[in-house]
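Please look at the sequence and the model before reading on.

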Amino acid sequence: MSPNLILVIVVGVMVGSGVILVLERSLTRILVGFVLIGNGLNVLFLVASGPAGRAPLIDVGEGPMSDPLPQAMALTAIVITLGVTAFGLALAYRAYQLTGTDDVQDDLEDDFIRRRAERDEVSTTFDEALPDEALPDEDYLDNDDVGVAADAETSVGEERRR
Amino acid sequence: MNHIVEQLVLAPVIIPLLGAGLCLAAGRSAAVQRIVSIVALGLVVAAAGVLLYRADTHGPQTFNVGGWPAELGISLVADRFSSLMLIVSTIVTLCVLLYSIGQGVVEFGRKTPLSVFYPTFLVLSAGVSNAFLSADLFNLFVGFEILLASSYVLITLGGTNARVRSGTIYIIVSLISSVLFLMSIGAVYAATGTVNFAQLASRFAELPPGITTVLQLMLLLTFAVKAAVFPLYAWLPDSYPTAPAPVTAVFAGLLTKVGIYAILRTQTLLFPGDNLRTLLLWAAILTMVVGILGAVAQSDVKRVLSFTLVSHIGYMLFGIAMGTELGITGAVFYIAHHITVQTTLFLVAGLIEYRSGTTNLDRLGGLARLAPILSIMFFVPAINLAGIPPFSGFLGKLALMEAGIEDEAGLATLGVVAAVVTSLLTLYAIAKIWNRAFWQPKGEDAPDVSQVDTGPWTPAGSLHGTRGVGTKTQRTTAWADQREEKRLPRGMAGPTLFLAFVTVTLTVFAGPLMSYAQRAAVELLDRQPYIEAVLDR
C-alpha cells in the first residue's frame, strides 16, 4: 500500500500546527490545538484505510469497497473530540471567570521552589555583598530591604516545616 | 446457562451506564440516586465475581457486542487477569461510593441530591471496566476516554479556583496522551490492518522489527502517561490532592492502574520477548526512586500519598519489565494489593481532613489519642504499603524481588536494590506521617488557626489569586476545632474500615491469591488461550 502523499502532508501540517498551539499558555489556544491535532488524526485514519473505493455498502455499486473500519473509528474519535472540547471550553470560561484570564497556571510547588531559590539567591548575595564600611547607596538599600524580608520569610517557613 | 454467562461479560460496562442514566433522570431525589448507584455497583461486583470464577475454571470468557465477529466488531474478554482487576476495582469503587455517600450526607444533608456526582462516578466505573475488558485497541481507547471524560468532571467538581487550576493541568496532559493513543492506533491500523488484540498478536510478528518497535514505543508512551511512569508522572502529585477525598481515592486506586493494565496487556500479548526490556527496567527503577524521594520531601498527607503512588507504580513496571512468570505474577499480585491499599490510605486522608480540617503535617498532631480507630485504619494499610511482613505488600515485593534475583543481569539486580531502598523510604515517609499526625502531641508552637493559609506551599498560590483556598481552609479548621470531640461519621468511617479490612484479607488469603496470580501470569505469557477465545467464534 502506498499512502496518498497529499493526505500525509495534510496530517503533518495539521498536527504540527496543533502541537505549536498546544505549547501556548492560553487554554483556548491549547484547545484549538487539540482540535487541530484531533482532526489531523482523523485524516490519518483515512490514510490508514488505504485507497479510497466506493461506499462501504454491500450490494451497492461495483469495484473495491473502502475500508469501513477506519471510518467508524474516525467517527467515534470525532464524537469524543467534540465532547472533550466542549468540556474544555467550559473549563476555560470558568478559569476566565475566576482569574480574569484562561492561562494555564504553574504547578504550585514548582512556583514555591522557584521562589525559595530566588530568595536564597538574594540573601546570599546580600551576605556576601555586605562590607561593613560600605556606603549605603540606593541600590544597596533596595537589596537590603529585599534581603531582610526574604530571610525572615524563609526562616518562618522553615520553622513551620519543622 | 452459557449464554447468560457470556452476556455477563457485558454487565460491568452496561450496568453502570444504565445506572448513570437513571441517576440523571432521578436528579431531584437524593434517595433514589443513592439506591440506584449502590445497586448498580453491587450488581457489577456480583457479575465480576462470577466472571472471576468462570475465567479461572473455564478459560477466558468472551462476548461479541452486537454479534459482529471479533475481527470487525467490538469484543469484550474476561480472562484471569482482567477478571481479577475487575473485581478488585469494583469492590474498591463500591466502597468509595459508600464513603462519598456518607460524606455527601454529612456535608450537604440527607435531602440534597448531588446531580452530577453519582452519574459521573458510575460512568467512570463503566469506563474502567470497559478498559479492563476490551479486546481491541480502539475499544481500549474508548474505555480510556470514558473514564477520562468523567474524571475531568470529577477533578474539577465544584469549579473552585484550586480545582480548576490543578484540573487544567491534568486535563491537558490527558488530552495529549489521548491524541498520542489515537495516533498510535492509526499507525497500528496502517501497519497491520486490524486493531484486535488477538489478530495483532500474530501480525506484529510478521512486521519488520523496526516498525514493531516504533509502534510499541508509541503505545508505551501513551500508557506511561496514564500510569504516571517516570519521567511522565509530574502531572499526578499536583492534580490529585486538590480533588475531594473520594475522587482522589478512586483516581489513585484505579486510573493509574488502568495504564499499568494496558502496559501489561500489550507487553505480554502484542510484544512478547524482551525488546524494550532495558528501557522498561530503567523507567521502573527511576519511577520507584524518584517517586519516593518526592514523598519524603512532602509535608502534606495527601501529597506524600500521591508520591508513594507514583513510586509504587515502579514496582509493577519492574515486574512487567522482567517479563518472566514470576515477574508477571508479582506484578499482577502487586496491582491487586496496591489498588486496595492506596485507595484506603486516601480515604483515611479524607477522614483526617474531616477530623482536623487539614492534611498538613505541620498542623496535625495527637490523632492517635483523639481518634484511635482512625489511627488503626491508617496504620494497618500504611505499614502494608511499606512492605512490613506479613502483609500483602511484603509478599508482593518479595515475589518481585525474587524475580529480579532469579534474573542474573546487572540491571535486574540494580532494580532489586532500588526496590529495597524504595521500600525503606516508603517506611520513612509513612513513619513521618504517623509520628507527626498521630503520635506526637499537637505542638504548642504549632501556628494557630489564623495563620493557616500561610502553609509551605500556599503563599505562592495566594499570589496566583487562589485566595479561595486559604479562606476555605481557615473556615474548615475553625469548624473542626469547634467539634474537637466529635466522632467520625459512620457513613465515612464504615467503608474505610471495610477497605482496611479488605487489605488485611488480601494478606490472609495471599496464598490462593498468589497462586491465582500465577495462573493469570501463565495464561498471559502463553497467549494462546486468549487468542483462541477471541477468534474462535
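## Overall form of chain B

The model is predicted. Chain B holds 23 helices and two strands. Along the principal axes, its C-alpha atoms fill a box of roughly 70 × 55 × 45 Å. The radius of gyration of chain B is 22 Å, which agrees with the value near 24 Å that a compact globule of 537 residues would have.

Of the 537 residues in chain B, 60% are buried. When contacts in chain B between residues at least 6 apart in sequence are considered, 80% of them join residues at least 24 apart.

## Annotated spans

For chain A, an unreviewed UniProt entry gives the annotation "transmembrane region" to residues 6-23, 30-52 and 72-93. In the model, residues 6-23 of chain A are 94% helix and 0% strand, and the end C-alpha atoms of this span lie 26 Å apart. Residues 72-93 of chain A are 100% helix and 0% strand, with end C-alpha atoms 32 Å apart.

For chain B, UniProt (unreviewed entry) places the feature "domain: NADH-Ubiquinone oxidoreductase (complex I) chain 5 N-terminal" at residues 72-102. This span of chain B is 74% helix and 16% strand, and its end C-alpha atoms lie 44 Å apart.

## Residue B:S89

Is B:S89 buried or exposed? B:S89 is buried, because 30 other C-beta atoms lie within 10 Å and the cut-off for a buried residue is 20 or more. B:S89 sits in helix α4 of chain B, which covers residues 80-108.

Which residues does B:S89 contact, apart from neighbours within four places in sequence? These are B:V128, B:L254 and B:I339. B:T340 is 251 residues from B:S89 in sequence, yet their C-alpha atoms are 8.2 Å apart in space.

## Contact between chains A and B

Between the two chains, 37 residues of chain A are in contact with 33 residues of chain B. On the side of chain A that touches chain B, the elements giving two or more residues are α2 (27-48), α3 (68-99), α4 (108-128) and α5 (138-161) of chain A. The largest share of that side, 15 residues, comes from α3(A).

By residue type, the side of chain A that touches chain B divides into 23 nonpolar, seven polar and seven charged residues.

Note on methods. Residues numbered from 1 in each chain as written. Chains lettered and ligands numbered in written order. Predicted model: local features only at pLDDT ≥ 70, side-chain atom pairs only at ≥ 80, totals over all residues. UniProt positions renumbered as here; feature names shortened; annotations may be inferred. Helix = DSSP H or I, 4+ residues; strand = E, 2+ residues; numbered from the N terminus. Buried ≥ 20, exposed ≤ 12 C-beta atoms within 10 Å, placed from the backbone. Contact = placed C-beta atoms within 7 Å. Nonpolar A, V, L, I, M, F, W, Y, C, P; charged D, E, K, R; others polar. Rg over C-alpha atoms; globule rule 2.2 N^0.38 Å.
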